[in-house]
Amino acid sequence: MARTFKVALGQVRPVLGDVAANVEKHLAWAARAREEGASLIVFPELGLTGYQVQDLTLDVARPPAHPDIQRLVAASQDLDIVFSFVEESDEHLFYVACAYAAEGRMVALHRKVFLPTYGMFDEGRYVAPGRRFAAFPTRFGRAGMLICEDAWHLTSPYLLALDGAHLLILPASSPARSVQDEEGFGSQSFWRKLLEVYARLLGVHILFVNRVGFEDGVGFFGGSFVMAPDGERIAEAPVLQEALVTAEVDLTLLRRVRYTTPILRDEKPELVLRALERWLVRRDASAFPARDEAEEGCRP
Amino acid sequence: MRASIARRLQINAALTTDTLTAFLREEVEKAGFDRVIFGLSGGIDSAVVAYLATRAFGPKRVRAVMMPYRTSHPSSLADARAVVAALGIPSVVIDITGPVDAYFKQVDEVLGVAASPLRRGNRMARERMCTLFDLSAHDQALVLGTSNKTELLLGYGTQFGDLASAINPIGDLYKCQVRQLARYLGVPQPILDKPPSADLWADQTDEKELGFTYDEADEVLFQLVDLRLSPDELIADGYPPALVTAIARRVQRNQYKRRTPVIAKVSGRTVGLDFRYLRDWGL
């Protein structure tokens with residue numbers, strides 16, 4: 001395995017609902033990344049469809065075997081490509097998904113587990129949640145994918161790190177919110193802090209790729225970055241504009257960081273498992289009253 | 001305004017400007033337009049919109065429309081002209097006295113009663129809207145809204161009048177935040193200093209008509225809306241009950257102004273209810 005590799009962050013502005021146009025842009029940017037010597041390009045969440053697809057879900061959804069998807073997969077001969085779309089399963093369930101394609105094959109497909117359905121978000125109305133986090137082998141070591149809100153749950157990166165991920169790939173559609181902060185958007189500051197903590201606690205490289213552009217007044221801030229396992233942002237894209245940013249990822253750093261601060265080594269998943277089992281039993285017991293009480297309550 | 005709230009209402013003006021100019025460019029160009037048009041009253045809100053639009057599109061692709069009525073304060077037109085001169089943007093003055101007076105001459109006669117100042121004010125606001133949308137067709141331009149978040153929440157505006165627009169860059173900024181942005185953008189000082197007024201009748205000021213100041217409104221609205229505190233919680237925190245209640249009631253009573261008309265559902269899929277697409281659909 002190479003000691004370093006060049007990654008490209010494809011901070012695009014997708015066209016809402018126009019899969020063909022977005023596929024073309026992905027292919028064009030992948031070609032540019034290849035010219036710049038990148039071995040991997042990562043595109044944002046729902047880069048093939050736009051974010052707030054709402055009732056367009058039915059029009060933009062694609063099964064993995066669809067020619068639109070396979071064109072991008074086929075383009076991954078000498079450049080690994082991570083891209084995101086609305087996936088339609090054989091059962092006609094719809095998912096926010098991202099695919100890892102390499103050597104002309106789809107190596108992994110992650111379905112977004114945590115669908116924000118509160119405040120300005122409404123994902124759970126249109127799509128089904130994924131049910132697992134799993135790491136997978138790549139030529140840069142084991143990797144795991146998280147889609148935007150997935151990373152706002154502590155357990156997701158934890159599970160991927162335990163599953164052996166050295167690299168967390170994080171496509172996002174994160175809105176530009178809160179302009180009070182001197183440093184930048186409030187949402188941007190939060191992502192930087194959150195992912196710095198994950199990188200340092202789990203000893204992982206993180207590729208955060210956020211889209212730009214506006215949808216009905218909601219702007220997405222961009223600001224994609226590469227974070228090293230020591231918490232350093234080694235490359236960062238500008239806000240509010242499309243950008244193809246490349247960075248050299250030093251894979252040897254992970255070895256030294258994990259030796260120096262062996263937090264992952266000292267994790268105790270069996271303790272977590274036992275505690276969760278006990279907690280689940282207790283929770284179920286308190287959520288559902290004992291049989292006698294329930295029957296008592298139902299009596300007219 | 002309490003210092004703790006004032007601090008939270010402070011905006012990063014440079015970042016806000018970048019966001020709003022990107023918003024204007026992208027939403028306008030996506031819709032297939034390359035020009036914008038807006039009413040310029042001489043007040044701070046439309047002045048800020050003029051500065052943002054000029055930053056977004058350059059001076060040649062914007063047009064300011066000044067639409068005085070015979071009772072408008074002369075300084076309003078002078079202040080608007082100062083903005084036009086400072087930005088070097090195309091502008092036009094359309095006096096709305098003729099159509100508004102002709103309308104009320106007829107209607108007052110038919111109804112046998114002189115129209116109230118409120119009706120006259122609303123008619124003026126709607127005459128300006130009609131003028132702007134007509135000129136927008138002539139210019140092949142989109143109409144920019146100039147209502148701020150304080151006005152939208154209070155419902156302090158005329159439905160289908162000044163509240164009408166294609167896109168609005170300042171609708172999520174409270175009045176005090178519009179002032180901060182105005183200072184950053186270099187809006188002329190006399191506009192920053194004068195009391196806000198809809199200028200629909202002589203000596204009208206917004207704060208006199210509302211019964212509270214914009215700072216008071218912003219302080220209460222920010223906590224009700226952004227922080228999701230209840231009126232009771234604000235009153236318990238020491239805010240005057242009459243003020244909190246008046247503001248909360250206005251927000252609730254004027255919800256209709258912020259929504260499209262209600263449609264009776266009789267089919268399986270209804271516009272505005274379960275026919276869900278962004279306005280940016282297909283753009």
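Select Thr54(B) and then show its surroundings: leaving out residues up to four places away in sequence, Thr54(B) touches Pro59(B), Val62(B), Leu87(B) and Ile89(B), where contact means heavy atoms within 4.5 Å. Thr54(B) belongs to helix 3 of chain B; helices (H or I, at least four residues) and strands (E, at least two) are DSSP runs, numbered from the N terminus. With a relative accessible area of 11%, Thr54(B) is buried, a word that stands for under 20% relative accessible area, while exposed stands for over 50% and partly exposed for what lies in between (1.4 Å probe, protein chains only). The side chain of Thr54(B) reaches the backbone oxygen of Ala50(B) at 2.7 Å, a polar contact being a pair of N or O atoms within 3.5 Å, where within protein one atom must be able to donate a hydrogen and the other to accept it, and residues adjacent in sequence count only if both atoms are side-chain atoms.

This is a predicted model, in which local features need pLDDT of at least 70 and side-chain atom pairs count only at pLDDT 80 or more, whereas totals for chains, interfaces and linings use all residues. Residues are numbered from 1 along each chain as its sequence is written, chains are lettered from A and ligands numbered from 1 in the order in which they are written, and side-chain values use heavy atoms, with hydrogens and water left out.

Stay in chain B and select Pro169(B), which lies in the loop between helix 7 (149-154) and helix 8 (175-185). Pro169(B) counts as buried at 4% relative accessibility, and, not counting residues up to four places away in sequence, Pro169(B) touches Leu20(B), Phe23(B), Leu24(B), Val49(B), Leu52(B) and Gly145(B).

Next, colour the residues that the UniProt annotation "binding site" (unreviewed entry) covers, among them Gly39(B), Thr146(B), Lys175(B) and Ser197(B); UniProt positions are given in the numbering used here, feature names are shortened, and annotations may be inferred rather than shown by experiment. Gly39(B) is found in strand 1 (residues 36-39) of chain B and is buried, with a relative accessible area of 16%. Leaving aside neighbours within four places in sequence, the contacts of Gly39(B) are Ser46(B), Val65(B), Met67(B), Leu132(B) and Thr146(B). Ser197(B), in the loop between helix 9 (189-193) and helix 10 (206-210) of chain B, counts as partly exposed at 34% relative accessibility.

Now show the nonpolar core, that is, a set of buried Ala, Val, Leu, Ile, Met, Phe, Trp, Tyr and Cys residues joined through side-chain atoms within 4.5 Å. The largest nonpolar core has 140 residues, and those with the most contacts inside it include Leu40(A), Ile41(A), Phe38(B) and Val48(B). Helix 3 (residues 44-57) of chain B gives the largest share of this core, 10 residues. A second, separate core of 22 residues includes Leu9(B), Tyr174(B), Leu210(B) and Leu224(B). In soluble globular proteins, nonpolar side chains tend to be buried together.

Move to chain A and select strand 9 (residues 205-210), where 6 of the 6 residues are buried, so this strand is largely enclosed by the rest of the structure. His205(A), Leu207(A) and Val209(A) point one way from strand 9, and Ile206(A), Phe208(A) and Asn210(A) point the other way. Leu170(A) has Phe208(A) as its bridge partner in strand 9. Strand 12 (residues 225-227) of chain A pairs with strand 9 in the antiparallel sense over 3 bridges, and there Val226(A) stands opposite Leu207(A).

From strand 12, step back to Ser224(A), in the loop between strand 11 (218-221) and strand 12 of chain A. Ser224(A) is buried, with a relative accessible area of 0%, and its side chain reaches the backbone nitrogen of Asn210(A) at 2.9 Å.

Finish with two backbone angles. Most residues other than glycine have a negative phi. Glu103(A), however, has a positive phi near 50° and is exposed, with a relative accessible area of 59%. Ser178(A) also has a positive phi, about 65°, and lies in the loop between strand 8 and helix 6 of chain A.

Technical notes: Two strands pair if DSSP finds at least two bridges between them.
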